[in-house]
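Colleague: I'm new to this structure. Could you show me how to read a helix pair and a strand?

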Amino acid sequence: MIVAIDGPSGAGKSTVAKAVAKKLGFSCLDTGAMYRSIAWLACERGIDLHDDETLGQIARQADIVFGHVDGDPIPKQVFIDGHDVTDAIRTKEIDKAVSPTSASPSVRAAMLDQQRRIALSGDYVIEGRDIGTVVFPDADVKVFLTASDEERAHRRLRQNVDRGVGSIDYEEILADLKRRDEYDSSREVAPLVAADDAVVMDSTDLYIEDVIEKICNLAKDAQ
C-alpha cells in the first residue's frame, strides 16, 4: 500500500508521515530529503542550479542512502555519496537551493525512478510535492496537507530551533516559504498541486494527533 502525502513547505508533512508510518507499521520515504541532498551536492561542487543537464547527471550518479536504527522503519540519517548530510540539508542555504534543483526536469526524472524502485519493496508512507500526482498517481491514499502561511512559518521556526539548524528569523522564514510556494506551484515540471482525488487537510487549527488519526483511518478504510 502507498499512502501519499503532498503539500507545501512547513505544512508538517515529514512529522505527520513518520508518525503515520509508525502507527500503520509502514516504512517512510522523505522525498524532500532526496532533492535536498542533490541540492547540497550541487552546491558543494559549485554547479549552476539552473544547469539541467549537469544536475541530472549528478542526480543519476548519486548514491542516496537512508540510515535506519534496527527495527525502526523511520530513517534517522541521510547520506549522499558517503557523506552524512542529515543536518547539512536543513540549512537556510539549502532551503533556497532546493527549489531550482527540484525544478530540474532531469533531476525529477532521476528521483522519480529511485522513489518508485524503493517503494516496490513494501508498504510506504511517502511525502513530497508530486507524490499523488506524478510519482504514484495510483496511490491507495492521497492527502494534500496544508496550513496558513503564518502557521507554517511558526512550525518551521520551532523545528529549526529544536534541530539547531536553519534560520530562526520568523520574517525570513515566512518570506522564504512564500517564495518557495510560488516557485513550486508555477514550475513547468510536476508543479505543487493537489491531486484531483486527494483529501485536502488544512491543519492550521488541528492538533497533529488529529491529522495523524485522520490519515491512519483513511489508510485502514482503503485496505
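We will look at a helix pair and then at a strand.

Modeller: This is a predicted model, where local features need pLDDT of at least 70, side-chain atom pairs count only at pLDDT 80 or more, and totals for chains, interfaces and linings use all residues. Residues are numbered from 1 along each chain as its sequence is written, and side-chain values use heavy atoms, leaving out hydrogens and water.

Colleague: How are two packed helices described?

Modeller: By the angle between their axes and the distance between the axes. Here, the axes of α3 (residues 52–61) and α5 (residues 105–119) come within 7 Å and cross at roughly 20°. That makes α3 roughly parallel to α5 (angles under 35 degrees count as roughly parallel).

Colleague: Which residues of α3 and α5 make the contact?

Modeller: From α3, Asp52, Leu55, Gly56, Ala59 and Arg60 take part; from α5, Pro105, Ser106, Val107, Ala110, Met111 and Gln114 do. Contact means heavy atoms within 4.5 Å. The residues divide into six nonpolar, three polar and two charged.

Colleague: Now the strand: is β6 buried or exposed, and which way do its residues point?

Modeller: Buried means under 20% relative accessible area, and exposed over 50%. Five of the five residues of β6 (residues 124–128) are buried, so β6 is largely enclosed by the rest of the structure. Tyr124, Ile126 and Gly128 point one way, while Val125 and Glu127 point the other way.

Colleague: Which strands pair with β6?

Modeller: Strands pair if DSSP finds at least two bridges between them. β1 (residues 2–6) pairs with β6 in the parallel sense over five bridges, with Asp6 opposite Gly128. β2 (residues 27–30) runs parallel to β6 and is joined to β6 by four bridges; there, Cys28 has Val125 as its bridge partner.

Note on methods: Axes are lines fitted to C-alpha atoms, for helices over the stretch in contact, and angles run from 0 to 180 degrees between N-to-C directions. Helices (H or I, at least four residues) and strands (E, at least two) are DSSP runs, numbered from the N terminus. Angles under 35 degrees count as roughly parallel, over 145 as roughly antiparallel, 65 to 115 as roughly perpendicular and the rest as oblique. Ala, Val, Leu, Ile, Met, Phe, Trp, Tyr, Cys and Pro count as nonpolar, Asp, Glu, Lys and Arg as charged, and the others, Gly among them, as polar. Buried means under 20% relative accessible area, exposed over 50%, partly exposed in between (1.4 Å probe, protein chains only).
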